[in-house]
Amino acid sequence: MSGTRNGTDGGADREQRPADDGPVEERPVDALVRMSNLVTPMALRVAATLRLVDHLRRGVTSPEALARATGADADALSRLMRHLAAAGVLEETAPGRYAPTRLGDLLAEDDPSRQRSWLDLDQAVGRADLTFLDLREAVRTGRPQYEDRYGKPFWTDLSEDAELGASFDTLMTTREDAAFAAPVCAYDWSRARHVLDVGGAPGGLLSAIVRAAPGARGTLLDLPGAAQRTRERIAAAGLDDRIDVVAGDFFDELPVSADAVVLSFVLLNWSDADALRILARCRDALRPGGRIVLLERAEAPSGGARTSDLYFSVLDMRMLVFLGGRVRTDREWAALADAAGLRIVSRSGPLVSPSVPLDSCLWELAPH
């Protein structure tokens, strides 16, 4: 009897051991544990915040030396690394010594994907991700949780905290030339003498537009902290003679009129009611014959057939919990435009970015 309980009975062992000639199918309970445990996501974020992979790649590998380099407790850090090895992020090369795997290398500071910065708990998005601890409240109430946790709304926090705002700008400017190539090519910007980019910090898209349309001037509007950082970037790029940067709030009357008013990944941050207020301000700022150019995430394919379905839903959940916004479907965009007194003139996309794992679309809107 004890042999059967301990798996030493030959028949029981044959029933439980996977076949040697095929892949082992993951049990549903194992899949659920893998998906639901909070240990690995938080371990990755702590590793990113401590810059653990960068220390390992510089040869700091002993537990004591790593603890000194990261300001951590040696025993606790070694247990963290043991878990990261179990998760496939590190590999144990000798007892108590670790090195990053190919997956772990993504947490290096110089990796083009910038995953370390996305996960860093001291930087903008990693810090905001902690509001998912309050997901239950967001689902119960439909209200964002960032302000409840940190005392001010997300965008206000980034505007008033220079380091936090700069960390967000760095993420947004990663490989931005490649990221904006498709939307710049998808629209004839030469028709616009003046382009107003509303909420456009840190200025990558507007810079790309004026380079593509030599006859156009640009104005960028954003909150004071973001505007100041953008003003410095525009000047460093030598475009301050063609782009004005204005501090302001897009819920107020916009400071200039324009032939093209751009909203790039702005409205997903806001509820439908707030998005309508923003669209109304943009509509009122249009010169005769002008257009609103809306760049937003493309609708995820139905049926879960593509990875972008997951990225679409992850971003949508972040908008819910951080900001109270939403990533909208094509039908929702059409309804929103109509409610704002706008018609969809054209739609381009999906536009595929080499640096962002989520397609986008460009809508051209005009007043009814």
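Here is a short walk through this structure, stop by stop.

Before you click, know that this is a predicted model, where local features need pLDDT of at least 70, side-chain atom pairs count only at pLDDT 80 or more, and totals for chains, interfaces and linings use all residues. Residues are numbered from 1 along each chain as its sequence is written, and side-chain values use heavy atoms, with hydrogens and water left out.

**Stop 1: two crossing helices**

Select residues 63–70, helix H6, and then 74–86, helix H7. (Helices are DSSP runs of H or I with at least four residues, strands are E runs of at least two, and both are numbered from the N terminus.) Their axes come within 9 Å and cross at roughly 105 degrees. That makes H6 roughly perpendicular to H7. (Axes are lines fitted to C-alpha atoms, for helices over the stretch in contact, with angles from 0 to 180 degrees between N-to-C directions; under 35 degrees is roughly parallel, over 145 roughly antiparallel, 65 to 115 roughly perpendicular, and the rest oblique.)

Now show side chains. Which residues of H6 meet H7? Pro63, Leu66, Ala67 and Thr70 do, and their partners in H7 are Ala74, Leu77 and Met81. (Ala, Val, Leu, Ile, Met, Phe, Trp, Tyr, Cys and Pro count as nonpolar, Asp, Glu, Lys and Arg as charged, and the others, Gly among them, as polar.)

**Stop 2**

Most residues other than glycine have a negative phi, and most peptide bonds are trans. Go to Arg51, in the loop between helix H4 (39–49) and helix H5 (52–57). Its phi is positive, near 55 degrees.

Next, pick Ala201 and Pro202: the peptide bond between them is cis, with omega near 10 degrees. Pro202 sits in the loop between strand S3 (194–198) and H15. Gly349 and Pro350 are also joined by a cis peptide bond, with omega about 5 degrees. Look for Pro350 in strand S8 (residues 342–351).

**Stop 3: a pocket**

Select Glu176, Asp177, Phe180, Gly203, Gly204, Ser207, Ala208, Arg211, Arg233, Ile234 and Ala237, which line the second largest pocket. (On a 1 Å grid over the protein atoms alone, a cavity is a set of points where a 1.4 Å probe fits but cannot get out, and a pocket is an open set with protein on both sides within 12 Å along at least five of seven lines; lining residues have an atom within 4 Å of a point.) The second largest pocket holds about 170 Å³ of space. (Grid points are joined across faces, edges and corners, and a volume is the space filled by probe spheres set on the points.) Which helix gives the most to this lining? H15 does, with four residues. The lining divides into four nonpolar, three polar and four charged residues.

**Stop 4: a cavity**

Finish with Leu279, Leu294, Trp333, Ala337, Ile344, Trp363 and Leu365, which line the largest cavity. Helix H19 (330–339) and strand S9 (360–367) each give two or more residues to that lining. The volume of the largest cavity is about 40 Å³. Its lining has seven nonpolar, no polar and no charged residues.

Methods:
Contact = heavy atoms within 4.5 Å. Points joined across faces, edges and corners; volume = space filled by probe spheres on them.
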